[in-house]
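Subject: Structure for you to look at

Dear colleague,

Please open it first, and then read the notes below beside it.

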Amino acid sequence: MDHPADPQIFSHIRVIMGMVISLSMARLLTGLALFVQHPGKTRIYWLHLGWVLFMFLFLIYFWWWEYRLHAVPVIDFSVYLFVISYCCIFFFLCVLLFPTSLEDYSGYEQYFMSRRAWFFGFLALAYGVDLVDTAVKGKAYFLSYGLEYPLRNAIYILLCIAAAITPNRRFHAAFLIAGLTYQVVWIFRAFDLLD
């Protein structure tokens, strides 16, 4: 008979997850703080900042929805490794948004567009891993989001692949605006309350 895992195991995993997610959040906030500390030092790019906002929201609601891990009947090492690996994907995304140095680039536009394949590749991976993460929480939980959820992830994955390939700024702008708008709506529709 399935029963929820020991709450201490869940708390232990949340601490490790929290450390990796905190590093991700710190990378974003530190990167943004540099714009205030050294205005004019690097050229800001609005699409880059839009994806920073997108990742900020993604990190916040990732932490919010991972609360559902408490209901997983058995948390073994494979689940632990999977969840920590998922957190590491977020860290890589944030590091790709704010590299250690922009020495070889004229600003964030040149940097972001030159690294778009890596960024959108990791973002597509995050959406694929998200499907598995939701399935780990149980079939009923996965199905509770209806058909919209897997379609949403599939569309994000396809758009990320396109964004990795094309340098077309209009496509990137449309993807960012539509993606960010949908993310905000999705967050409040699907994750407004923990129950």
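A residue is called buried when its relative accessible area is under 20%, exposed when that area is over 50%, and partly exposed in between, using a 1.4 Å probe and counting protein chains only. Helices (H or I, at least four residues) and strands (E, at least two) are DSSP runs, numbered from the N terminus.

This is a predicted model, in which local features need pLDDT of at least 70 and side-chain atom pairs count only at pLDDT 80 or more, while totals for chains, interfaces and linings use all residues. Residues are numbered from 1 along each chain as its sequence is written, and side-chain values use heavy atoms, with hydrogens and water left out.

The whole chain

The protein chain holds eight helices and zero strands. Its radius of gyration is 18 Å, close to the 16 Å that the globule rule gives for 195 residues, so the chain is as compact as a globular protein of that length; the radius is taken over C-alpha atoms, and the rule is 2.2 Å times the number of residues to the power 0.38. Along its principal axes the C-alpha trace spans about 60 × 35 × 25 Å, and buried residues make up 42% of the 195 residues.

The UniProt record, an unreviewed entry, annotates "transmembrane region" over residues 12-36, 45-65, 77-99, 111-129, 149-166 and 173-191; its positions are given here in the numbering used for this model, feature names are shortened, and annotations may be inferred rather than shown by experiment. Of these spans, residues 45-65 are 95% helix and 0% strand, with end C-alpha atoms 30 Å apart, and residues 149-166 are 94% helix and 0% strand, with end C-alpha atoms 26 Å apart.

Helix H3 (residues 77-97) has 21 residues and reaches 30 Å from its first C-alpha to its last, close to the 30 Å expected, where the expected span is 1.5 Å times one less than the number of residues. The buried residues of H3 include Val79, Tyr86, Cys87, Phe90 and Leu97.

Helix H8 (residues 169-190) has 22 residues that should span 32 Å, and its end C-alpha atoms are 30 Å apart, which agrees. Among the buried residues of H8 are His172, Gly179, Gln183 and Trp186, and what covers the buried residues of H8 includes helices H2, H4, H5 and H7. Asn168 caps the N-terminal end of H8, with a side-chain oxygen 2.8 Å from the backbone nitrogen of Arg170.

Arg152 is placed in helix H7 and counts as buried at 5% relative accessibility. The side chain of Arg152 makes a polar contact with that of Tyr61 (2.8 Å); such a contact is a pair of N or O atoms within 3.5 Å, and within protein one must be able to donate a hydrogen and the other to accept it, while residues adjacent in sequence count only if both atoms are side-chain atoms. Leaving aside neighbours within four places in sequence, the contacts of Arg152 include Tyr127, Asp130, Gln183 and Trp186.

Ala164 is also found in helix H7, and at 17% relative accessibility Ala164 counts as buried.

Best wishes

Methods
Contact = heavy atoms within 4.5 Å.
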